[in-house]
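Dear colleague,

Please find the structure below, followed by a short account of what was found in it.

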Amino acid sequence: MSLKTVLILLALALATILALVCVLLTRGRAPRSCQQLPPEQEDIEDGQSLVFADLTPEEMSQVVRYLRGNLGVPLVDASRAKPSDNCIAAVDLQVPAKAEVLRFLDGGGPRPAREALAVLYFGNQAEPNITEYVVGLLPLPLYHRDVTVQKYGGKLPYHRRPVTGKEYMDINALVQRELKKAPHFLAACCESDGTNLVILTTAPRGFKSGDRMTWFVLFHNVAGTGYYLSPVGLEVLVDHGDLQVSRWQLHKVFYNGRYFASTGDLEQEFVAGALEVVRLKQPQADTVLGSMRPRRPPGSPGPLQFEPQGPRYSVRDNHITFQGWSIAFGMNPNTGPRLFDIRYRGERIVYELSLQEALALYSSNCPGGMSTRYLDGSFGIGRFAYELVRGLDCPYTATYVDRHYLAETDTPKTNQNSLCIFEHDSALPLRRHFSDLQSFYYSGLRKNTLVIRTISTLINYDYIWDFMFHGSGAVEVRVHATGYISSSFFHGQGTDYGNRVGPHTLGTMHLHHIHYKVDLDVDGQLNSLETQDMEYEFVKDPWSTQNTIERPRLRRERLEKEDEAAFPLNAPMPRYLSFVSPNPNKWQHPRSYRIQIISFAGKHLPTSSSMERAISWGRYQLAVTRRKEEEPTSTSIYNQNDPWTPTVTFADFIDNETITNQDLVAWITVGFLHVPHAEDVPNTVTAGNSVGFFLRPYNYFNEDPSVDSSDSVYFSSEQDAGAFGANPLACLSSAAACAPRLLPLHFGGFLNL
């Protein structure tokens with residue numbers, strides 16, 4: 001054997017020995033470095049947050065059973081109920097009064113009664129109406145009381161009820177029957193007999209209280225893609241106000257700029273050669289405008305976020321804790337996500353943070369588009385928050401939570417995995433400094449936030465609702481809009497109302513306005529409202545008095561009345577606006593939380609509009625009012641179908657009461673104007689389409705609370721930045737070996753459709 005061969009064999013043997021040593025050392029360390037650590041336990045509150053917990057399916061079923069046995073009237077399952085029937089429309093949690101809850105949470109008082117709110121449609125009565133009952137005690141109900149008059153000041157007219165799925169089915173059957181009266185026209189315009197056309201509702205439904213007449217826009221239906229971009233130019237006005245479905249009728253027909261009394265008249269005009277028809281071919285799934293089918297094979301996977309030692313947050317029932325934060329969470333079937341009793345470092349910052357409404361107001365030169373003002377709460381922002389796709393809608397390793405609701409059926413439904421919770425590394429420092437003067441050091445902290453997210457699909461649009469909690473004590477609320485734009489058939493001067501995005505498709509201009517309720521309790525319930533802004537003062541320099549200096553001066557003002565604290569949409573507003581406590585911090589400034597709004601809202605509906613009072617919350621980018629138990633929400637699900645006599649008028653909340661040292665609520669409007677363009681096809685993207693607001697500590701603490709974070713990094717020029725003891729970032733290389741075993745991907749989001 002040659003010397004060269006011997007040396008090669010020795011080198012191979014040495015390499016093998018070194019590899020085995022590395023493996024053994026790694027195996028010895030792995031259990032310690034990759035061990036799943038329990039999240040911080042921060043004053044876990046023995047189930048106190050359950051006072052805000054959504055109803056369980058079992059509780060909902062018990063309420064239905066009780067109502068069926070104790071109202072003394074026949075009840076039809078809402079999924080089959082005709083307008084002339086009685087039915088249970090919805091059951092949700094009756095949130096207890098704030099005073100009762102605080103006595104329980106803070107004063108050692110009794111736990112508030114657990115009750116449900118049941119909404120019933122009574123169509124089979126001499127005077128049809130909507131009635132709301134509080135039902136208790138749960139889990140086994142013993143009583144009910146009618147709270148309709150107490151809440152709304154009178155009975156609720158029946159025509160204000162939201163349209164049910166059964167009603168839409170009956171309307172669709174009527175439209176299909178009417179379409180059969182125009183066979184030659186449909187064959188020419190749409191290569192259709194009507195069965196491959198779908199209808200899209202508009203709202204509101206008429207021009208005066210009592211109307212229930214809806215324009216429906218017709219589209220080509222293509223399986224596997226959004227039909228919203230394929231209008232055929234045909235729209236129909238349906239009168240469905242009568243309690244007897246057999247008496248519903250088609251009231252008007254629109255096609256390509258012209259109006260007709262019926263589909264029969266439309267057919268007659270076409271056969272006589274007096275109607276100009278745009279001949280459309282039935283779209284194909286692989287070429288249709290707006291197809292979302294992938295056009296390229298999958299590439300290599302992108303970055304994956306994971307927690308090397310498990311989640312650093314804790315989720316227990318409806319309660320979340322994370323690095324000093326404590327939050328109770330839930331979901332209203334109508335208005336969507338709601339958070340309660342938000343605390344930081346044991347102190348309550350916010351009693352309630354909840355979504356109130358989402359308005360989408362459209363334009364068009366077609367009747368359906370020009371009359372559309374969707375109030376999405378009446379459709380069900382929470383109800384239509386479906387299962388989230390793991391790894392895309394939220395990080396793969398996020399915690400996913402089921403949500404339950406009872407609406408338009410006597411059987412509770414579950415949207416599984418429809419809310420997610422995760423810690424997010426934003427790849428940005430929360431704070432940092434590199435010192436290159438006097439002493440040399442680096443200090444910083446990664447911007448990691450806790451995120452609570454759910455996504456609502458409201459017909460064509462998808463809204464991503466985020467609530468984020470920062471290590472600085474700030475709360476961030478943000479909404480992204482994505483999904484399909486709604487469209488009209490392109491004709492005439494259509495580009496006065498949007499942009500053309502397809503051969504016959506007009507992307508119609510619209511605005512999105514979102515409303516939130518923020519019940520801040522800053523260092524206690526009694527707060528005042530303070531504004532701060534700058535102005536320049538011109539002074540002679542005091543050391544020579546020969547020169548003038550333009551010196552910025554801080555201007556502070558306490559607002560005394562509600563009228564002063566109602567800031568019109570898109571009008572200038574003080575740059576700093578804070579809820580202040582009577583108590584000072586260490587530096588003798590009032591402990592405060594600042595409201596910082598980020599919004600690009602369109603113009604509010606003119607106050608001269610007959611329906612403006614129904615959305616009068618949209619007049620204000622911010623309005624601060626005295627908190628009242630009888631003013632729990634800024635709107636109502638009944639405002640959509642009768643905006644001319646609104647059930648709840650937010651403008652009436654602002655009645656110039658004093659707001660000094662009171663329990664106050666901030667009502668915040670954010671939004672944006674959307675002029676659809678070519679890049680909105682197939683879907684609107686989230687980039688650039690997000691708005692929201694921050695709640696930021698302002699002299700609430702004596703210093704930035706994030707300095708106490710165990711994630712803080714500091715090392716000087718005299719230290720080895722790569723040493724574990726000096727820099728926790730040096731440990732990330734070993735943590736990277738702790739990639740988790742990912743659960744198999746499963747999706748059941750189509751089960752409830």
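Which residue is the bridge partner of Y255 in β10? The partner is R258. This is a predicted model, in which local features need pLDDT of at least 70 and side-chain atom pairs count only at pLDDT 80 or more, while totals for chains, interfaces and linings use all residues. Residues are numbered from 1 along each chain as its sequence is written, and side-chain values use heavy atoms, with hydrogens and water left out. Helices (H or I, at least four residues) and strands (E, at least two) are DSSP runs, numbered from the N terminus.

The sheet

β9 and β10 pair in the antiparallel sense over three bridges; two strands pair if DSSP finds at least two bridges between them. They belong to an open, antiparallel sheet of five strands in the order β6-β7-β8-β9-β10. β6 (197–201) and β10 each have a single partner strand, so one side of each of these edge strands lacks a neighbour in the sheet.

Helix α7

Just after α7, G273 takes a positive phi of about 75 degrees.

Yours sincerely
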